[in-house]
Amino acid sequence: MTEQNQPTSGFSVVIADNEMEEWTKSAVQLESNVDSVGKERAVLTRVERNYLHDNARDDGGHGVGVSKGSYVTIEGNVFDFNRHAVEAEGYCGGYVARFNYVLQGGYRQDGTIGSYYNQHFDAHGSNGGYGGKAGEYFDVSFNTVRGEQDYYVIKTRPALMLRGTPDVGFHFNGNVLVHDDNGEALSFKGVDGGDLVRAGKFEALGNQYDTDYSQELATGDFDGDGYTDAFIANGTGWFYSRGGKRSWDFLHASNKRTHELAFADIDNDGRTDVLYRDGASNLGTLKSGVVALVNFTTLPVPISELRVGDFDGDGKTDLFYTRAGQGWISTG
């Protein structure tokens, strides 16, 4: 539990690089002792790069829960098999959730034939959960969501359920979803979604539907432990699995897909770097797939035609490509 108090305590809190499972309420729960700490302070409390999984249970079991007056930024986490990945109560402030990877694990509420799957992202209404106030401000953008289980024959597990009216608004933009369309991905209860849009209280823009890049894999040693890792570019971020056996860990926020990239240990530090060629033929590298892109040369051919290896035997990575029938080598 993180408690936020005005004006200073409860902020500058970062919960990062943990694995959390089997929590009865939420793996991370936030609450304030004031009505609102203000959405500008969402960035001051952060939940990032965690693996939050197997917390699912009736009436609880969330990845992150947001209660009275509180705000939080949730980035680069992996969620799987939770009742909700992120849950918010009606009198919360809100949350900013970006670049998270929400996997398909889930369970039927109550475990009966007539039971249902819960939504991944959730915002309660203040009138017993449905209707009334639904927090203040939410931004759920640039996440990848894979779970779309069917139930009740005609129903689909939604990516988001909004159950009231936020004071400021709810943004659901730029996400990559396996859901067929808005109708499958979004659910409104206790409030009319059309009314929210017309009032400027809800928007869903630039989302990709019926999309799943989970089969587009690459390999490399991104943590430098000498074992080959698996790499995925899921449409909103890059993640790797240690040894191809562990959970996905966040590397970098990016919409670049695996086929647009190349992989090599360019700086010879024992960790695989990610290479990207832009439209002006500049070839850049992101050290270990984590840091910002730095251009270091030009590449006059598509990156799919680039090959890497130690062509001069000096123990350093070189680049090789062919053009107009000739081979070109750039030595490390």
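Lys-287 is partly exposed in this predicted model, with a relative accessible area of 36%. Its salt-bridge partner is Asp-267, and the closest N and O atoms of the two are 2.6 Å apart. Asp-267 sits in the loop between β27 (261–264) and β28 (273–277), while Lys-287 belongs to the loop between β29 (282–286) and β30 (294–298), so this pair ties together parts that are 20 residues apart in sequence. Asp-267 is partly exposed as well, at a relative accessible area of 33%.

From here you can go on to another charged pair. Arg-242 and Asp-249 meet through their side chains in a salt bridge of 3.0 Å, N to O. Arg-242 has a relative accessible area of 35%, which means that Arg-242 is partly exposed.

How many salt bridges does the structure hold? The total is 17. One of particular interest for a walk through the model pairs Glu-75 with Arg-46, whose side chains meet at 2.9 Å, N to O. Glu-75 lies in strand β8 (residues 71–75) and Arg-46 in strand β5 (residues 45–48), so the bridge ties together parts that are 29 residues apart in sequence. Are these two residues buried or exposed? Both Glu-75 and Arg-46 are buried.

Now step back to the domains. The domain assignment of the protein chain gives domain 1, spanning 13–205, and domain 2, spanning 217–330. Taken over C-alpha atoms, the centres of domain 1 and domain 2 are separated by 34 Å. Their contact draws 14 residues from domain 1 and 10 residues from domain 2.

The size of an interface is often given as the accessible area lost when the parts come together. For domain 1 and domain 2, the buried area is about 950 Å², with 68% of it on carbon and sulfur atoms. Which residues of domain 1 lose the most area to domain 2? They are Val-78, Phe-99 and Tyr-101, which together make up 46% of what that side buries.

What about polar and charged links across the boundary? Between domain 1 and domain 2 the count of salt bridges is zero, whereas three residue pairs are in polar contact, both residues being at pLDDT 80 or more. Sorted by class, the side of domain 1 that touches domain 2 has seven nonpolar, five polar and two charged residues.

Thr-144 is found in strand β15 (residues 144–145), and its relative accessibility of 4% is why it counts as buried. The side chains of Thr-144 and Asn-234 are joined by a polar contact of 3.1 Å. Leaving out residues up to four places away in sequence, Thr-144 touches Asn-100, Tyr-101, Val-102, Val-176, Asn-234 and Thr-236.

Phe-142 lies in the loop between β14 (137–141) and β15, and has a positive phi of about 60° although it is not a glycine. As background, most residues other than glycine have a negative phi. Phe-142 has a relative accessible area of 40%, so it is partly exposed. Glu-22, again not a glycine, also has a positive phi of about 60°. Glu-22 lies in the loop between β3 (19–21) and β4 (26–32), and its 58% relative accessibility is why it counts as exposed.

The last stop is Asn-82, in the loop between β9 (78–80) and β10 (86–88). Is Asn-82 buried or exposed? At 4% relative accessibility, Asn-82 counts as buried. Its side chain makes a polar contact of 2.9 Å with the side chain of Asn-55, and also reaches the backbone oxygen of Asp-80 at 3.4 Å. Not counting residues up to four places away in sequence, Asn-82 touches a number of residues, including Leu-52, His-53, Asp-54, Gly-105 and Arg-157. Leu-162 is 80 residues from Asn-82 along the chain, and the C-alpha atoms of Asn-82 and Leu-162 are separated by 18 Å.

Terms used: Residues are numbered from 1 along each chain as its sequence is written. This is a predicted model: local features need pLDDT of at least 70, side-chain atom pairs count only at pLDDT 80 or more; totals for chains, interfaces and linings use all residues. Side-chain values use heavy atoms; hydrogens and water are left out. Domain bounds come from an automatic or database domain assignment. Contact means heavy atoms within 4.5 Å. Buried area is the accessible area (1.4 Å probe) that two parts lose on being put together, summed over both. A salt bridge is a side-chain nitrogen of Lys or Arg within 4 Å of a carboxyl oxygen of Asp or Glu. A polar contact is a pair of N or O atoms within 3.5 Å; within protein, one must be able to donate a hydrogen and the other to accept it, and residues adjacent in sequence count only if both atoms are side-chain atoms. Ala, Val, Leu, Ile, Met, Phe, Trp, Tyr, Cys and Pro count as nonpolar, Asp, Glu, Lys and Arg as charged, and the others, Gly among them, as polar. Helices (H or I, at least four residues) and strands (E, at least two) are DSSP runs, numbered from the N terminus. Buried means under 20% relative accessible area, exposed over 50%, partly exposed in between (1.4 Å probe, protein chains only).
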